[in-house]
Amino acid sequence: MKWFNSFVFLLKRIYPKRIWSVSTNEKVLYLTFDDGPIPKVTPWVLETLDQYQAKATFFCIGENVEKNRDVFNKVIAEGHRVGNHTYNHINGYKTSTEAYLENVLAFEKLGVSTNLFRPPYGKCKASQAKPLQQKGYNIVMWDVISEDYDKNISEEQCYQTVISQAQKGSIVIFHDSLKAEKNLRYALPKVLKYFNKKGFNFKSIPENIAELNS
């Protein structure tokens with residue numbers, strides 16, 4: 001993980017206008033979930049969050065929103081925020097700027113209102129990010145990644161990664177996906193319990209995030 005933390009530190013220096021964490025002195029964490037919504041995992045995530053009155057932010061794939069509108073509506077109904085994660089989970093480094101922006105727009109055409117955007121894989125070229133920011137999107141990255149999607153990472157490693165790195169204002173990535181399900185089902189309840197005992201609250205990323213960090 002040391003190399004990864006160094007990589008993230010470098011990215012923060014290169015892309016200071018992207019959101020990596022939230023400036024706050026409060027004991028609060030910002031849990032985020034990428035790649036849903038899907039029927040097999042997302043409802044369980046919602047139930048688990050509810051046990052701790054936790055709010056989170058779901059960066060949704062447009063394709064999954066379209067297929068699972070009932071699950072998506074449940075995310076909204078329970079008071080969580082949602083963000084644009086492109087329509088097809090495309091890699092910005094491997095996609096032309098025009099095609100990338102069209103894919104973001106395809107998500108918008110689903111009628112989802114949000115000013116939050118997270119690039120899949122964290123990969124978004126400056127030529128893609130600039131017009132998105134001009135449209136009013138906050139590009140939300142992270143400072144803690146659980147690696148729940150990694151088949152080579154054990155459930156306990158996933159949990160330990162989060163509790164060892166998260167601090168006040170951290171933006172933590174989980175995935176409500178089949179690929180991450182095994183590690184997620186183990187780590188998420190334990191993370192919530194651990195930080196709840198330490199007096200932390202769990203909030204959705206605020207709409208005015210850029211102002212808070214200015």
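**Helix α2 and its packing partners**

Q: Which way does α2 cross α8, left-handed or right-handed?
A: In this predicted model, the crossing of α2 past α8 is right-handed.

Q: At what angle do α2 and α8 pack, and how far apart are their axes?
A: The angle is about 20°, and the axes of α2 and α8 lie 10 Å apart. Angles under 35 degrees count as roughly parallel, and α2 and α8 are therefore roughly parallel to each other.

Q: Which residues meet there, in α2 and in α8?
A: From α2 they are Trp44, Val45, Thr48 and Leu49; these meet Leu184, Arg185, Leu188, Pro189 and Leu192 of α8.

Q: And what does the contact of α2 with α8 have by class?
A: The contact has 7 nonpolar residues, 1 polar and 1 charged.

Q: Let us take threonine 48. Is threonine 48 buried or exposed?
A: Threonine 48, a residue of helix α2, has a relative accessible area of 4% and is buried.

Q: What is threonine 48 in contact with, leaving aside neighbours within four places in sequence?
A: Threonine 48 is in contact with Leu188, Pro189 and Leu192.

Q: Now α4. How does the crossing of α2 and α4 run, left-handed or right-handed?
A: The crossing of α2 and α4 is left-handed. Which residues of α2 and α4 make the contact? Thr42, Pro43 and Leu46 come from α2, and Val71, Lys74 and Val75 come from α4. By class, the residues of this contact divide into 4 nonpolar, 1 polar and 1 charged.

Q: What about the angle and the axes of α2 and α4?
A: The two helices α2 and α4 pack at about 15°, and their axes are 10 Å apart. They are therefore roughly parallel to each other.

Q: Changing topic: which residues touch the most other members of the largest nonpolar core?
A: That core has 38 residues, and Leu31, Phe33, Phe58 and Phe174 touch the most other members. Elements that give two or more residues to this core include α2 (42–50), α4 (69–77) and α8 (181–197), together with strands such as β1 (28–34) and β7 (171–175).

Q: Which element gives the largest share of this core?
A: Helix α8 does, with 6 residues.

Q: What does phenylalanine 33 touch, not counting residues up to four places away in sequence?
A: Among the residues that phenylalanine 33 touches are Val45 and Leu49, as well as Leu184 and Leu188. The list also includes Phe58, Phe59, Phe174 and Asp176.

Q: How many residues are in the second, separate core?
A: The second core has 25 residues, including Leu11, Ile19, Tyr100 and Ile173.

Terms used:
Residues are numbered from 1 along each chain as its sequence is written. This is a predicted model: local features need pLDDT of at least 70, side-chain atom pairs count only at pLDDT 80 or more; totals for chains, interfaces and linings use all residues. Side-chain values use heavy atoms; hydrogens and water are left out. A nonpolar core is a set of buried Ala, Val, Leu, Ile, Met, Phe, Trp, Tyr and Cys residues joined through side-chain atoms within 4.5 Å. Buried means under 20% relative accessible area, exposed over 50%, partly exposed in between (1.4 Å probe, protein chains only). Helices (H or I, at least four residues) and strands (E, at least two) are DSSP runs, numbered from the N terminus. Contact means heavy atoms within 4.5 Å. Axes are lines fitted to C-alpha atoms, for helices over the stretch in contact, and angles run from 0 to 180 degrees between N-to-C directions. Angles under 35 degrees count as roughly parallel, over 145 as roughly antiparallel, 65 to 115 as roughly perpendicular and the rest as oblique. A crossing is left-handed if the near helix is turned anticlockwise from the far one by less than a right angle, and right-handed if clockwise. Ala, Val, Leu, Ile, Met, Phe, Trp, Tyr, Cys and Pro count as nonpolar, Asp, Glu, Lys and Arg as charged, and the others, Gly among them, as polar.
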